[in-house]
Each structure stands twice: as C-alpha cells, then as structure tokens.
Amino acid sequence: MRLLLLATLAVITNAFASDRTLYYKAQTTVVASSGNTSPYYIGSNNHGMNTQSREAYLRLSAAMPLDTASRFSFGAGVDLVGGYAGSAEYLRHDGNEIAYHNAKINQFRIHQLFADVKYRSVFLTIGAKEHESLIVNHSLSSGDLTFSGNINPMPEARMGLIDFQPLPFTRGNVFINGEYSIAYACDNGIQSRQFNRISGGYNKSYFYNYKRCYLRSRPDKPLCLTIGMQAVMVFGNTTANYSRGKWTGDFKNRVTFKSFVHTLVPGAGGSSAADLLFLEGNSLGTWDIAANYRFKNGSHLKAYYESPWEDGSGIGKMNGFDGLWGIEYSSGRKSLVNGVVIEYLDTRNQSGTITFQFKDYSGSISDRDKIPNGASGCDNYYNHEGQGYQYRCMSIGTPMLKSALYNTNGTPAFRDNRIQGVHVGVSGNLSGAVSYRLLGNFRRALGTYNAPRRHALRSYSAFAEATYRTPLAGLVSKCQLAADRGSLYGKNFGAMFTIAYQGNL
C-alpha cells in the first residue's frame with residue numbers, strides 16, 4: 001500500500017509538468033439521524049460511505065484520469081476521509097453474557113488509492129477504486145444484483161476493455177466489453193466488533209474475483225441491445241470461529257495457483273472426497289439484457305433485466321420470475337424531469353424450496369431408499385455457509401436485500417433474501433443552479449427458505465436530495481433527507497448536508 005501511494009503521488013505530481021488535467025475535490029459532510037444507523041437511502045449505493053447514524057468528516061481527493069484518445073496513457077487517484085463517526089449497538093456475546101455492545105468504524109481511512117495504465121483499448125488498474133454497473137443507472141436505480149457500488153472499494157488488480165470495442169469479423173455491427181478482477185477483501189475489524197459471537201463464525205478475509213462479458217449492437221442505431229453475464233467467485237477465506245463468545249480458532253481455506261486458475265475455468269477445490277464433489281469457492285452472478293431506444297429528440301427509453309444465479313439451476317433459469325426488472329427514461333437534457341427509473345425486484349423463487357443430491361451424502365442407504373435424481377432449489381441468494389455476500393457488513397450486490405449492517409442481532413448472513421419490492425427514482429432540474437433527486441421503495445420480506453418468516457416484514461423508504469451550484473464556480477452544496485418505516489428496518493429519519501469545492505489544474 002505504501003508503494004502504491006508513492007506511485008500514485010508520483011503520477012499526480014507528473015500532471016503539473018505536463019498538459020494533463022488534474023482534478024481535485026474537497027468536501028465536508030455531516031450526517032444526523034434518529035436510528036441505530038443512517039437511513040437506508042443515505043447509506044445505500046454510496047460506496048460504503050455514510051452508514052452511521054452520526055458522522056462529520058472531511059474528504060479530500062485528487063485524480064488524473066486516463067486519456068482515452070491516446071494510444072498509451074496513465075492515470076492515478078487518491079481519496080482520503082477523516083473525521084468523526086458515531087457507534088451502533090449490536091447484540092453480542094462477550095464470553096460472560098449476551099448484551100448490546102457499541103460497534104464503531106474507523107473514520108480515518110484511505111477510501112480510494114489507485115493507478116491506471118492503458119494501451120490501445122486495454123486498461124489495467126491497481127489499487128482501490130470505485131466501480132459501478134454498466135446496466136443500471138447508479139444514481140436512480142435500486143442497485144445492480146452482482147456489483148452495485150454499495151461497498152467500500154476493495155484493493156484489487158483489474159484489467160479489461162475501455163468501454164465497448166468492435167468485435168473482430170463482425171464488420172462493426174457487434175461490440176464487446178469485458179473485465180476481470182482479483183481483489184482481496186479484509187473486514188478491517190468491522191465484523192469482529194459487530195458479529196454476535198454466540199456461535200458460528202465470520203470471514204475475516206477472502207479473495208474476490210469479478211468478471212463480466214457483454215455484447216452490444218451498434219450504438220449509432222436507434223435501437224441498441226446489450227446482453228451478457230456477470231460472474232463472481234469468492235475463495236480462500238479465513239474464518240474466525242466463536243462459541244459462546246470465545247474464539248475457538250481460525251479456519252483457512254488453502255489458496256494455490258490452481259485456485260486462481262479456477263476463477264477462469266471452474267474446478268473442484270481441496271483434495272478430500274467431499275471437496276471434490278463441489279466447485280471451489282462460492283460462485284454467483286447474473287444474466288443481463290438491456291434494450292435502449294433513442295428518439296429523434298435525443299431522449300432515451302431503456303428496458304433491462306438481470307437474472308440472478310448461484311448455481312446451475314439459476315444459470316439454467318429454473319428460478320422462475322426472479323430478477324431485477326427495470327425501465328429507465330432519460331430526456332438527454334436539463335429539464336424539470338430528466339430521468340425516471342421504475343424497477344421491480346423479486347427473489348422469492350430461488351429454484352424451489354429444497355436442495356438434494358444423492359451423491360452429496362455418504363453412508364449406507366438401501367437400494368429401496370435411494371433417490372436417483374435430485375432437487376436443485378434453495379439457492380439461498382447471497383448466503384454461503386452462513387456468511388453473506390458482503391464486504392464490511394454491506395451487501396456487495398443490491399442493497400435491497402437487507403445488509404448485515406442493519407442486523408442488530410449481529411448475524412453476518414442475509415436474514416431476508418426472499419423479497420418482493422418496487423423502487424422508483426426521479427431526477428430533474430428546478431433551475432439552472434438547482435437539481436433534485438427523489439427515491440422511494442416498498443419491500444416485502446419473507447426471510448429465507450431455511451428460516452422463513454411467520455409473517456412477512458414490510459418496509460417503506462423515501463429519499464429527497466437537492467443540489468445547489470453556487471455562483472462561485474466549483475462550489476456546490478447538497479442536502480439529503482431520508483426516512484424508513486415498517487417492520488423490516490423500523491423507524492428512522494435522517495439528514496445529510498454536504499459542501500464541496502472542486503476544480504482542475
């Protein structure tokens with residue numbers, strides 16, 4: 001990390017001696033709310049920022065982006081956060097009794113630190129950098145099902161194609177985009193402060209592999225189609241195990257060169273007979289499709305669908321209507337309403353209620369009792385062996401599935417991954433200097449197949465944001481108000497105020 005910081009500063013310093021542009025930003029933010037954490041919409045899809053009920057911090061960043069018009073280019077960025085963050089209460093076993101304890105995050109941190117290099121249409125990024133979805137509108141959507149931009153950036157090595165590039169031998173009619181990343185996730189002590197320690201364990205660290213491949217038709221035509229897949233593999237985890245509040249040891253999954261090969265070509269992990277029955281690590285992802293139509297006045301209308309999978313049954317689309325169904329309108333210009341997103345999310349099917357494969361079980365079973373076939377349901381979205389698909393207690397995928405941050409009982413798993421929800425987002429301009437954003441959703445949570453809710457929990461969340469660009473160039477102020485109601489998140493109301501100054505050299 002120290003070498004990366006020096007390299008990043010060297011690249012940024014080099015911008016002063018060249019004609020490259022260096023962008024900088026300084027902002028101060030204050031968050032205050034009535035709940036255990038910040039309201040849902042203030043903390044969600046915000047790259048892991050603003051999750052605490054009370055915060056006050058200064059954020060300083062500088063970046064020199066890649067020059068995509070040049071054959072060879074390099075860039076870098078640094079983003080620092082420091083200030084005050086309040087604590088949240090979680091039920092935890094301290095070895096003597098089960099009681100609520102305060103858990104507090106470290107508000108002094110390096111949020112982003114990265115270096116980029118590009119040759120022709122291929123890029124390489126080393127370090128921690130924010131990323132967002134190519135399918136959904138990050139500002140107005142409820143969030144991508146595979147990677148939503150809901151977490152702090154992980155330190156990683158990521159390579160891929162700059163934007164979409166023409167696919168050879170298609171005469172410019174088909175374009176391709178692809179990325180491949182290996183990241184190292186470390187909980188930084190956050191889960192150790194929150195996890196209840198009554199029984200079970202949590203992942204202290206693991207390797208995270210992300211990859212995607214999209215094909216797109218010609219963007220200069222009125223109708224543009226995009227189709228492809230995102231895939232994730234989580235492997236090499238180190239799990240801290242507890243019993244009645246006492247640490248009983250760490251379990252480490254062995255990582256070899258073959259483990260990284262399996263991120264490209266799936267294969268069995270481990271050497272025992274049980275291990276050889278399963279692919280290494282935990283895999284999940286989505287099938288994605290989007291259709292964008294451009295009108296003659298420059299406005300756009302896009303429909304999209306993300307179909308989740310956790311194993312072969314989901315890949316084979318045996319999970320029914322499950323997925324994120326969305327429609328987005330964009331005016332393409334400043335107007336009273338310049339963007340609208342309406343989404344429906346359903347994760348209730350999960351390929352059925354049970355999973356059973358005869359080969360998964362050992363022991364003597366008479367021929368009469370043998371079951372030659374199996375049931376491949378209970379996909380248990382975002383949960384794998386009790387550990388949720390999360391980083392530092394925040395969902396890596398859509399935040400619509402309640403993150404562990406909001407589990408006051410301290411469990412690291414997704415307690416409600418069978419949900420039905422509707423999300424709406426609207427943005428526009430009240431004047432040349434004032435813009436706004438409105439978000440709202442309704443969710444109905446049914447628990448999981450293994451632990452269903454006797455009665456469905458309901459949640460209502462709302463959000464309003466106003467941004468004012470002052471007459472002083474580069475100075476912007478922003479106010480956000482958010483509220484939660486219902487039995488899933490409880491009652492919470494909060495506000496966030498931000499003043500930022502940005503410019504370039």
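Select R443 and Y40. R443 lies over the face of Y40, at 4.2 Å from the ring centre. A charge counts as over a ring if NZ of Lys or CZ of Arg is within 6 Å of the ring centre and within 35 degrees of the ring normal. This is a predicted model: local features need pLDDT of at least 70, side-chain atom pairs count only at pLDDT 80 or more, and totals for chains, interfaces and linings use all residues. Residues are numbered from 1 along each chain as its sequence is written, and side-chain values use heavy atoms, with hydrogens and water left out.

Together with Y40 they form one aromatic cluster. Now pick K402. Its charged end sits over the ring of Y489, 5.5 Å from the centre.

**Ring pairs**

The structure holds 21 aromatic pairs. Rings of Phe, Tyr and Trp (its six-membered ring) pair if their centres lie within 6.5 Å; planes under 30 degrees apart count as stacked, over 60 as edge-to-face and the rest as tilted. Select Y24 and Y501. Their ring centres are 6.4 Å apart and their planes stand at 40°, so this pair is tilted. It links distant parts of the chain: Y24 is in strand β1 (residues 23–37) and Y501 in strand β28, 477 residues apart. Strands (E, at least two residues) and helices (H or I, at least four) are DSSP runs, numbered from the N terminus. Y24 is partly exposed at 29% relative accessibility; Y501 is partly exposed too, at 36%. The cut-offs are under 20% relative accessible area for buried, over 50% for exposed, and partly exposed in between (1.4 Å probe, protein chains only).

Go to Y202 and Y242. This pair is stacked, 6.4 Å centre to centre with 15° between the planes. Y202 belongs to strand β11 and Y242 to strand β12, 40 residues apart. Y202 is buried at 4%, and Y242 is buried at 13%.

**The core**

Select M154, Y206, Y208, Y389 and I396. These have the most contacts inside the largest nonpolar core, which has 53 residues. A nonpolar core is a set of buried Ala, Val, Leu, Ile, Met, Phe, Trp, Tyr and Cys residues joined through side-chain atoms within 4.5 Å. Strand β11 (residues 199–217) gives the largest share of this core, 4 residues. Centre on Y389. Leaving aside neighbours within four places in sequence, its contacts (heavy atoms within 4.5 Å) include T146, Y208, V232, L284, I396 and F414.

Which residues lie in another core, apart from this one? It has 5 residues, among them L22, A62, M64 and V78.

**Back to β28**

Pick T498, in strand β28 (residues 492–504). T498 is buried, at 9% relative accessible area. Its side chain makes a polar contact with the side chain of T29 (3.1 Å). Beyond four places in sequence, T498 touches Q27, T28, T29, V476, S477 and K478.

**Two loops**

R244 sits between β12 (223–243) and β13 (246–252). Its phi is near 50°, positive in a residue other than glycine. R244 is exposed at 60%.

K317 sits in the loop between α5 (312–315) and β16 (323–330). Its phi is near 55°, again positive. K317 is partly exposed, at 33%.

**Last stop: cysteines**

How many disulfides does a search of the whole structure find? It finds 0, taking a disulfide as a pair of cysteine sulfur atoms within 2.5 Å. Select C393: it is buried at 2%. C479 is partly exposed at 26%.

Definitions and conventions:
A polar contact is a pair of N or O atoms within 3.5 Å; within protein, one must be able to donate a hydrogen and the other to accept it, and residues adjacent in sequence count only if both atoms are side-chain atoms.
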